Each structure stands twice: as structure tokens, then as C-alpha cells.
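Notebook open, structure loaded. I want to look up how the chains meet, then how one of them is divided.

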Amino acid sequence: MSETATAADEADPHAADLAIATTGLTKRFGHQIAVNAIDLAVPRGSVFGFLGPNGSGKTTTIRVLLGLAAATSGNARLLGNDVPTELAEALPRVGALIEGPAFYPFLSGADNLRRLDSADARADPATRDARVARALDRVGLTHAARKRARAYSLGMKQRLGIAAALLTPRDLLVLDEPTNGLDPQGTREVRSLIRAVAAEGTTVFVSSHLLAEVEQICTHAAVMHVGSLVAQGSLDDLRGTGARVVRVETPDGDRTVAEFARLGLDAAQAGPALRPRAGEVVVEAPLPDDGPAAEDLVAALVAAGVRVRGFDVARPSLEDRFVALTGEGFDVAR
Amino acid sequence: MPADSDTARARTHGGALLASELRVLFRRWRTWAMLAALASIPVLMAVVVRLSSEPPGPGEGPPFLDQVTNNGMFVAITALVLTTPLFLPLTVAVVSGDTIAGEASLGTLRYLLVAPAGRVRLLLVKYLSTVAFCLAASGTVLLTGWVIGAVLFGTGEATLLSGDTIGVGDAVVRSLLVGAHVTICMLGLAAVGLFISTLTDAGVGAMAAVAVLTIVAQVLGQLDQLAWLHPWLFTHHWLAFADLLREPVVWTSFTENALLQAGYVAFFGALAHGRFGTKDVLS
């Protein structure tokens with residue numbers, strides 16, 4: 001009890017700066033916990049990657065945030081409005097793509113957008129046609145505006161769904177797996193669209209099970225794993241928490257390990273190289289920030305008679321971090 | 001945020017959703033197919049009567065069939081009598097069962113709700129559009145009945161159940177009354193359908209359930225052992241429009257039915273609200 005109170009107290013002073021803020025948000029279906037006490041903090045103006053493997057609770061979290069499902073416990077605020085009591089205030093300022101696009105197959109693309117727009121009582125009918133045309137133009141569907149949605153390809157439906165989210169100027173865009181079903185070109189278009197929307201000051205909350213697809217555009221990220229939030233923060237924060245690693249490609253694995261051990265590094269053979277030449281292995285060792293300089297390491301190895309074919313010092317990639325956090329690859333579900 | 005932009009935001013256009021709902025309903029091929037099927041009933045009936053060598057005798061076939069040859073206006077009334085027990089409620093079952101469940105199975109329900117349509121507003125709009133369909137359905141039967149009747153049998157005098165003879169104008173008024181009664185009969189069913197539609201994400205399932213309920217209610221209405229239950233069945237007054245064809249009109253069953261249907265609308269409307277207002281939309 002006291003823990004939740006502290007969390008709420010801490011969240012409150014920043015609540016105005018947060019587009020999405022949850023404390024202890026939990027959603028159960030029967031005995032199954034889909035979302036387990038997550039404290040999400042999405043800063044205004046950020047492009048926030050909501051990452052996690054399929055089935056980790058991302059979509060359920062989004063459904064609760066948008067009032068489609070009721071939280072079992074915990075609090076949530078959307079654009080400063082309490083969920084669900086003040087949602088009617090927030091939702092007109094939120095555009096959303098939830099678990100794939102959905103349309104009336106017998107209506108044209110433009111008519112589908114008009115239909116959704118008229119559901120929002122605050123959307124001005126006088127400007128409806130112009131806004132629909134502009135939204136279609138932004139996602140490159142003007143040529144298909146009068147085509148029935150039934151005849152749209154999966155990628156076109158996805159873009160029409162994003163157009164629906166952009167019908168009125170939004171403060172927050174929630175995009176659940178926006179690149180699903182898109183080809184590489186379409187994926188790139190969605191990324192540039194997200195950048196453009198973010199440049200206008202809209203907060204973008206984008207969920208994905210494919211890290212690579214959002215890594216390039218996000219300023220912040222959170223990682224879900226079986227219903228729990230295992231990490232969140234700016235991308236730099238998330239990358240920075242991992243120690244540097246030195247990698248050596250060499251045919252002299254044992255001698256490298258011995259030499260590193262002499263230098264105080266805990267080295268180990270990490271298996272064959274990516275494209276192994278005869279007898280070549282990769283040796284990896286965590287490199288503390290106060291450890292030897294890279295050039296000294298190379299010199300020491302060469303002096304010890306190690307044939308160095310490749311040498312690299314790097315922070316673990318974000319993907320390595322997330323695999324470590326979630327215990328599985330992001331691509332497993334593909 | 002500046003104050004004037006706040007007031008601009010606060011201006012609402014609540015009627016837009018109903019207009020959109022009606023447009024969607026009446027742009028569906030399915031809706032027109034059902035209306036066309038309804039329109040075929042008076043046409044078929046009138047053509048068959050016209051082509052048969054002997055006019056139907058009193059008491060033969062559906063009620064008032066013998067009157068058809070005297071006054072074409074009675075085609076509309078007879079067609080309404082024919083469609084009320086099964087055909088008309090079937091179409092209402094399709095439309096009302098589809099209201100929420102259909103949106104859920106398309107996936108559009110979640111987008112309407114985050115638009116935000118508002119759950120109560122969406123339910124109201126869905127019910128009103130179903131009422132509009134009920135009007136369109138009985139109106140279709142009436143209109144085609146009038147037209148085909150006038151063309152094939154002309155517009156002579158007709159005899160009412162009370163033995164009085166009425167002319168064309170009066171016949172039109174009487175058939176309008178019967179049409180109003182039939183439409184009101186469908187309102188309770190539409191509310192039941194709306195409620196059932198909130199229970200499932202499968203539109204077809206909801207439609208089937210409403211259709212089955214219609215049959216069950218009429219079967220229960222046939223069982224004398226359940227006489228105590230009969231006044232409470234929404235189908236109880238469905239065929240009770242004979243009183244509207246007397247001179248003077250006896251309003252008892254018309255008003256009793258209207259009250260009963262209003263009760264059904266209130267009860268199942270409340271149930272639908274209770275269910276849909278708190279339902280997790282996971283479709």
C-alpha cells in the first residue's frame with residue numbers, strides 16, 4: 001500500500017510533462033495476468049518505443065489506456081486526464097491504431113475515414129472532407145480514396161489506419177505495430193511519417209516486437225516481458241547501462257584468453273567467427289570503463305604472438321540489451 | 001490553452017454519428033436485398049391472386065385476401081399480415097443483431113470507441129438506426145402493396161370486418177395504421193436484438209439468436225398452458241390489428257401493444273447499457 005502511494009506521489013509532480021503515466025497498472029483475465037503492475041512514463045514530445053515480444057501485454061496495455069478495457073487495479077493518466085473517468089476529454093486529441101486496422105469492407109477508403117470522423121462529436125463536419133483528403137494524402141492513398149476498402153491490400157489498409165489516426169491534429173499518436181504487413185519501402189514511409197508527426201510536436205507511442213524497426217526513430221523506449229515492464233528510459237540510458245565488450249577474431253583462441261587473463265580481463269571464447277576462416281574463433285571479454293585502453297590491448301596481444309584478424313570494442317547493441325532483458329529474440333514470433 | 005480555443009473544442013456535432021450510421025446501413029447491399037425481398041411479398045401475392053381464375057372466397061387464405069380483388073389497398077394490409085410472424089422479424093433480427101456484434105467482428109468497434117463515439121451515444125445511435133430500418137421495412141411492404149394493388153385491382157370500395165364499406169382514402173389510412181402497429185411491434189424485438197448484440201463478437205450468432213427468440217416467443221404464445229405468460233410476450237399483439245379494421249377503430253390492443261413494447265425497450269435498453277457500458281472491448 002505504502003509503495004503504491006509513494007509511486008503515485010512521485011509521479012504527480014511530473015504528470016503534466018507526461019503524455020501517458022501509469023502507476024501499478026494491472027489487467028487480469030481470470031487468473032491470467034496480462035499486464036502486471038506497470039509504471040509507464042511517456043514524456044510529452046517523445047517518440048516512445050513500446051517494445052516486447054508478441055503476447056507480452058503491449059496491446060492489452062494500449063486497450064486499457066484508451067478505455068477499451070477496464071484496468072483491474074492501478075491508475076492511468078492520458079494527456080493529464082484520468083483513465084477512464086476523464087477519457088472523453090483526452091480521446092479527441094489521441095489518434096490510434098490498435099491491433100491492426102479495421103474497416104467497413106463495403107465502404108470506400110474515404111468513406112471509412114468520414115465514418116470514423118463523424119464518430120468524434122468534436123470533429124467539425126464543415127472541414128471533414130478537407131481533413132479526410134489531407135489524411136489520405138499524407139499516407140499516399142489519394143489515388144485509392146474511392147476504392148472500396150475490401151479491395152485494399154494489407155499494406156494499404158495499414159496506411160489507411162494511420163490516416164484515420166491523423167484525421168485531426170493530435171497531441172498523442174498511439175500506433176500498435178504500425179509496420180505490420182508493410183514491405184520495406186512501406187516501413188520506411190511509416191518511419192518518415194512518424195518523424196514528421198513528431199516534428200510537429202505530437203507525442204508518438206509506438207509498440208513493436210521488432211526492435212530494429214523503431215530503434216532508428218525513438219527517443220525513448222520501454223520493454224515489456226510477460227506482462228511486466230522490465231526497463232524504460234531514453235535510448236541513451238538504456239544503451240548506457242551495458243558494459244563495454246572487447247571482441248577479438250583470431251586463430252589463436254587459447255593464447256588470447258591467456259593474455260587477456262594476464263591483463264585482468266575475464267575472457268572467453270564466444271564460438272566461431274561470423275564468417276570463419278580455418279581455425280578462427282572469437283574471443284570476448286567485458287571491458288571495464290577503467291580497464292586498459294584498446295590500443296594497449298592490441299599491442300599486448302601482438303607482443304604475445306597472437307594473430308589478430310579482427311578487433312573491436314563496443315557497447316552491447318540495444319538488441320543485445322533487450323534480448324538479455326526478455327530472454328528471447330525479438331524476431332521469434334515472426 | 002487559450003480560452004476561445006477551449007470553447008471551439010467544446011462545440012459538438014453529436015448528430016453526425018446518427019447520419020453516418022444511417023448512411024452505412026442504407027448503403028449496404030444486404031439492407032437493400034432484405035427490403036427487396038420484403039417488397040416481393042405483396043407483389044407475389046397480388047400477382048398470384050390476379051392470375052388465379054377464381055377470386056378467393058371469404059375466409060380463404062390469409063386474412064383479408066378476399067378483399068384484395070375489391071380494393072387494391074388491401075394488398076398492403078394482407079402483405080403486412082403475412083410478413084409479420086416471420087419474414088419481417090427475421091430482417092429486424094439481422095439488423096439489430098448486427099448493431100454492436102457486427103462492429104465488433106469487423107474490428108471497427110474499437111475505432112468508433114476511441115474516436116470517441118461514447119458508449120451510450122453509440123448504443124442510442126445503433127438503436128435509432130434499427131428503428132429507422134423497422135420503419136423502412138414496414139414502409140416498403142406498405143408502399144409496394146399499395147402500388148401493385150392499385151395497378152392490378154384498382155381502387156374500389158372494400159368491406160371492413162365490422163361490415164362497413166370504406167373508400168380509397170380511408171383504406172390508405174387504415175393500412176397506415178396497420179403499418180404503424182407492425183412497426184411498433186418490431187421495436188421491442190429491436191431492443192432485445194441490441195442487447196443480444198452486446199453479448200457477443202459474432203454478428204451472425206447474435207442475428208441467429210434473435211431470430212430463434214422470435215420463433216420461441218411465438219411457439220410459447222401457442223401453448224394454452226402458458227396463458228399467464230402470454231400478455232408478457234413481445235409477440236403477443238403482433239397479429240392483433242383486426243381492431244384497427246373495424247368501424248369505429250378499437251384502440252385497446254394497439255395501445256396495450258405500444259405499452260408492452262415500450263416496456264421491452266426500457267428493460268432491454270437498460271440491460272444493453274449495463275452490459276455494453278462496462279464491457280471490455282477486446283475484438
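First, my rule for a polar contact: a pair of N or O atoms within 3.5 Å, where within protein one must be able to donate a hydrogen and the other to accept it, and residues adjacent in sequence count only if both atoms are side-chain atoms. I'm on a predicted model, where local features need pLDDT of at least 70 and side-chain atom pairs count only at pLDDT 80 or more, while totals for chains, interfaces and linings use all residues. Residues are numbered from 1 along each chain as its sequence is written, and side-chain values use heavy atoms, with hydrogens and water left out.

Polar contacts. I got 20 residue pairs across the interface of chain B and chain A, both residues at pLDDT 80 or more.

Elements. On chain B, the side touching chain A draws two or more residues from each of α2 (16–26), α6 (87–106), α7 (108–114) and α8 (119–153); helices here are DSSP runs of H or I, at least four residues, numbered from the N terminus. α7(B) gives the largest share, six residues.

Salt bridges. The rule (a side-chain nitrogen of Lys or Arg within 4 Å of a carboxyl oxygen of Asp or Glu) finds four between chain B and chain A. I noted the one joining D111(A) and R27(B), at 2.9 Å, N to O.

Extent. I have 32 residues of chain B in contact with 36 of chain A, contact being heavy atoms within 4.5 Å.

Domains. Chain A splits into domain 1 (2–239) and domain 2 (243–314), with bounds from an automatic or database domain assignment. Their centres, taken over C-alpha atoms, are 44 Å apart.

Technical notes:
Chains lettered and ligands numbered in written order.
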